[in-house]
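Here is a short report on aromatic rings and helix packing. Keep the structure in view as you read.

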Amino acid sequence: MSAPETTKWDIQSLYERYASMVHSRCMMFLKSDDEAWDATQEVFIKLMNHLNNIDKRESVYSWLLSTSSNYCISQLRKKRGVSFDEAYHGAFDHLPQEKKLVMKEIMERLMKPWDQKTREIVIYTYID
């Protein structure tokens, strides 16, 4: 009898450690608890399929952040009539509408010269 196939890391322990982080990230984008949990499940299904390709344990965190963001952005784009601005969505929800527009303009001008990867790093580090 052969042993079951193993992965580098136990998916259950990764889920227990990171599911709340992925769910919070998905909530930021989707604004619905049910949709955020559905997205969290989808992201972990993707993780199960890609886990053996991730070299370092620290990379799992980064992979989950980028995959959950990309998945939620994809879901938002699928919805009709949803306008989505990756650099701005959800970052300033607590502000009045006038200030949101000003902050959006500032963000666009400040981040315009940077490449997409740098913009993502800034958003993940300083806004999220």
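Tyr 15 is partly exposed, at 28% relative accessibility (buried is under 20% relative accessible area, exposed over 50%, partly exposed in between, with a 1.4 Å probe and protein chains only). This is a predicted model: local features need pLDDT of at least 70, side-chain atom pairs count only at pLDDT 80 or more, and totals for chains, interfaces and linings use all residues. Residues are numbered from 1 along each chain as its sequence is written, and side-chain values use heavy atoms, leaving out hydrogens and water.

A search of the whole structure finds two aromatic pairs (ring centres of Phe, Tyr or Trp, the last by its six-membered ring, within 6.5 Å; planes under 30 degrees apart are stacked, over 60 edge-to-face, the rest tilted). Tyr 15 and Phe 44 are edge-to-face, because their planes stand at 70 degrees, with centres 4.8 Å apart. Tyr 15 sits in helix α1 (residues 11-30) and Phe 44 in helix α2 (residues 33-50), so the pair ties together parts 29 residues apart in sequence. Helices here are DSSP runs (H or I, at least four residues), numbered from the N terminus. Phe 44 is buried, with a relative accessible area of 5%.

## The tilted pair

Tyr 18 and Tyr 61 form a tilted pair: 6.1 Å centre to centre, 50 degrees between the planes. Tyr 18 belongs to α1 and Tyr 61 to helix α3 (residues 57-78), so this pair ties together parts 43 residues apart in sequence. Tyr 18 is buried at 7% relative accessibility. Tyr 61 is partly exposed, with a relative accessible area of 39%.

Key
Helices (H or I, at least four residues) and strands (E, at least two) are DSSP runs, numbered from the N terminus.
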